[in-house]
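Welcome! Please take a look at the structure below, and then let us walk through some of its parts together.

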Amino acid sequence: MENFNEDIMKEKPSKKPRPEASKVKELRRQTPPTDSKNELPIDEGYSKTFLRVVIAVSVFLISITLSGVLGINSMFENSRKQIVSNFTVQIIPLPNYEESRKDLLNVVNFLEKYPNIKQVSVLSDNELKALIEPWLGNNVDIELLPIPKLLDVQITPNVDFDYKKLMIRLSEVSSQASINDHNLWLSRLLKFINSLKVLALTVLLLVALASVTAIVYAAQTSLNIHKDTINILHIIGATDNYIALNYVKQITYTSLVAGIIGTLISVPAILVVGSMAKGIEAGIFNTVSFGAQNWLTIFSLPVLSAIFVAITAYITIVKKLKNMI
Amino acid sequence: MLESLGYITAINIKKGKKMETRGFEPIVEMKNVSLAYGDNPPVLKSIDFAFRRGSMHFLTGKSGAGKTSLLSMLYLAQRPTEGTLKVFGSNIAMTDRDKMAFLRRRIGVVFQDFRLLEHLSVFDNVALPLRLKGMKEKEIRQRVIELLAWVDLSHNMYVKSSEISGGEKQRVAIARAVINRPEILLADEPTGNVDNEIALKLMKLFAELNRLGTTVIIATHSEELMERYNYPRLKLENGHLEYIK
Ligand SMILES: Nc1ncnc2c1ncn2[C@@H]1O[C@H](COP(=O)(O)OP(=O)(O)OP(=O)(O)O)[C@@H](O)[C@H]1O
Ligand SMILES: [Mg+2]
């Protein structure tokens, strides 16, 4: 063996010096350049740029939509607790005192039996007196005045109370009774908010769909471009898993960066919309809160989207590699 | 003593797993193997041949005779259109994808057109088979540097493999094929692009690997090469494989 090796060395081309053991040692000491060692280069062509843009835009859209949903949700929760748990019914008195009384009793009876109504209380004469005192002084006999009677109605919290239906049914009981329609309007607003949420969900799904398409496209394009490289890797003994992970590692890193950019761009937009919402807060809602937890959700988007990209790309690639040598 | 190639013996001795040398066990078996591309008439027709473990052969034949095609079946890039091919005792028609990958790791290939990964450096190309195995980077460096020094490529170790000459590419291809000490070495015109001196040196390398147990098949046109080294020849003609000597 030794002889054989010596033999080989003698036959080395004479123009080049024999690599001394010390030279090899010296070479080993050198730090190699830190170039990319990725066996599968994906940093070529448009597909990577395309993917970057799509991911950044998707994450931006998801971030905006999600923060909208989260913001609306907190408004919804805060408002609903207050508005929906009680409402007022007013009954205009009839000319005849006895009839008025009967009417009032009918309405109270009706309401008390109505589903999801917990409690009905008639504002007492004293309470009414206190309400009108500033205008009429304190020597007034309430019973004799044509002042509407007010009922405070408590309903079961957290139920989707149908005011419209109640209104129709109530009008059948008494032509004098009406529901305080401030509440009614608010309940309609809440319904509107709910449909906005459904819309937002649809947007999220569409964005996700667009991203999947982009990821699959980028992965497939890349595999087509690098078919030769992949064939060589396969022949040398790379498993599908090795090749797929090599690619997924790169595409995931790319998406993570793109996702962070998308999220960062969305932050000013969220802040602007948020401050606009604060402006209407006084009119309708009690609290528009976009707290730390919501921000945390927003900032986790790049990571979540990178994981999403990784899984989608992995599945796409492994499936495609199975059809190669 | 020199260190070049030393790793081949060193590893052998250190790990105590000396390769099985010449025996009668066939390492590659072809039974009635035919190969056709698409609907074209077959390039290879009912070939029956078995390569003994530890043997060394020349594969010859005119240009277009099907040398590369035959080798490509042996390095498991294509399956026979007909017949049975067994490599390392595994019937290739019934081997699953992952198992194929592991079989391929035991085979070193020098492609006629080199097929280097052009975006990678010379070093990374040669390191590839070791990285696939999951070898530690430190050990990879040691082995690759040694082998590159031996094939005289130390000076452009970190040059992109697209930026070196044809002869240099050939040496990179050979280094990549042998770095993992394959059990089978398939070399397609390995001396086609190098001067005589280097050709001789490469033949010595193949012979040494063969001596250590590697089964070697070298496809070549060169009468001179075949005359100089007295290994048995297999000749492809009209799709049939003929054994000479
Ligand atoms: N991928 C392919 N698709 C279709 N036909 C092919 C393919 N590869 C080779 N052939 C055909 O098969 C025949 C044998 O080609 P092959 O490359 O195996 O010959 P070879 O003996 O290696 O020739 P050379 O000495 O020139 O390298 C040729 O006629 C060629 O046209
Ligand atoms: Mg050929």
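This is a predicted model: local features need pLDDT of at least 70, side-chain atom pairs count only at pLDDT 80 or more; totals for chains, interfaces and linings use all residues.

A second pairing is that of Met30(B), which faces Phe49(B) in strand 2 of chain B. Strand 1 of chain B covers residues 26–35 and strand 2 of chain B covers residues 44–52; the two run antiparallel and are joined by six bridges. Strand 1 of chain B also pairs with strand 4 of chain B (residues 82–87), again in the antiparallel sense, over five bridges. There, Lys31(B) stands opposite Thr84(B) of strand 4 of chain B.

What is the order of the strands in this open sheet of chain B? The four strands follow the order 2-1-4-5, with antiparallel pairing. Strand 2 and strand 5 (90–91) of chain B are at the edges and have a single partner strand each, so one side of each has no neighbour in the sheet. Helix 2 of chain B, residues 67–74, packs on this sheet and touches strand 1, strand 2 and strand 4 of chain B. The direction of helix 2 of chain B makes about 125° with that of strand 1 of chain B.

## A six-stranded sheet in chain B

Chain B holds another open sheet, built from six strands in the order 6-7-8-3-9-10, and here the pairing is mixed. Its edge strands are strand 6 (107–110) and strand 10 (240–244) of chain B, each of which pairs on one side only. From one strand to the next, the twist averages 20°.

Now follow strand 6 of chain B to its partner. Strand 7 of chain B (residues 184–188) runs parallel to strand 6 of chain B, and four bridges join them. Val110(B) has Ala187(B) of strand 7 of chain B opposite it. Across strand 6 and strand 7 of chain B lies helix 6 of chain B (residues 166–178), which runs at about 175° to strand 6 of chain B.

## The surroundings of ligand 1

Which residues surround ligand 1? They are Tyr37(B), Val43(B), Lys62(B), Ser63(B), Gly64(B), Ala65(B), Gly66(B), Lys67(B), Thr68(B), Ser69(B), Gln112(B) and His221(B). This shell divides into three nonpolar, seven polar and two charged residues.

The side chain of Ser63(B) has an N or O atom 2.6 Å from an oxygen atom of ligand 1. For Ser69(B), an N or O atom in the side chain is 2.5 Å from an oxygen atom of ligand 1. Gly66(B) takes part through its backbone, with a polar atom there 2.9 Å from an oxygen atom of ligand 1. How much of ligand 1 does the protein bury? Taken alone, ligand 1 exposes 630 Å², and the protein buries 58% of that.

## Strand pairs in chain A

Finally, turn to chain A. Strand 1 of chain A (residues 86–91) pairs with strand 3 of chain A (residues 149–155) in the antiparallel sense, over six bridges. In this pair, Ile91(A) stands opposite Lys149(A) of strand 3 of chain A.

Strand 3 of chain A is also joined to strand 2 of chain A (residues 117–122) by five bridges, and these two strands run antiparallel. Here the bridge partner of Val120(A) is Val153(A) in strand 3 of chain A.

Definitions and conventions: Residues are numbered from 1 along each chain as its sequence is written. Chains are lettered from A and ligands numbered from 1 in the order in which they are written. Side-chain values use heavy atoms; hydrogens and water are left out. Two strands pair if DSSP finds at least two bridges between them. Axes are lines fitted to C-alpha atoms, for helices over the stretch in contact, and angles run from 0 to 180 degrees between N-to-C directions. Contact means heavy atoms within 4.5 Å. A residue is near a molecule or strand if one of its heavy atoms lies within 4 Å of it. A polar contact is a pair of N or O atoms within 3.5 Å; within protein, one must be able to donate a hydrogen and the other to accept it, and residues adjacent in sequence count only if both atoms are side-chain atoms. Accessible areas come from the Shrake-Rupley method with a 1.4 Å probe; for residues, only the protein chains shown count as cover. Ala, Val, Leu, Ile, Met, Phe, Trp, Tyr, Cys and Pro count as nonpolar, Asp, Glu, Lys and Arg as charged, and the others, Gly among them, as polar.
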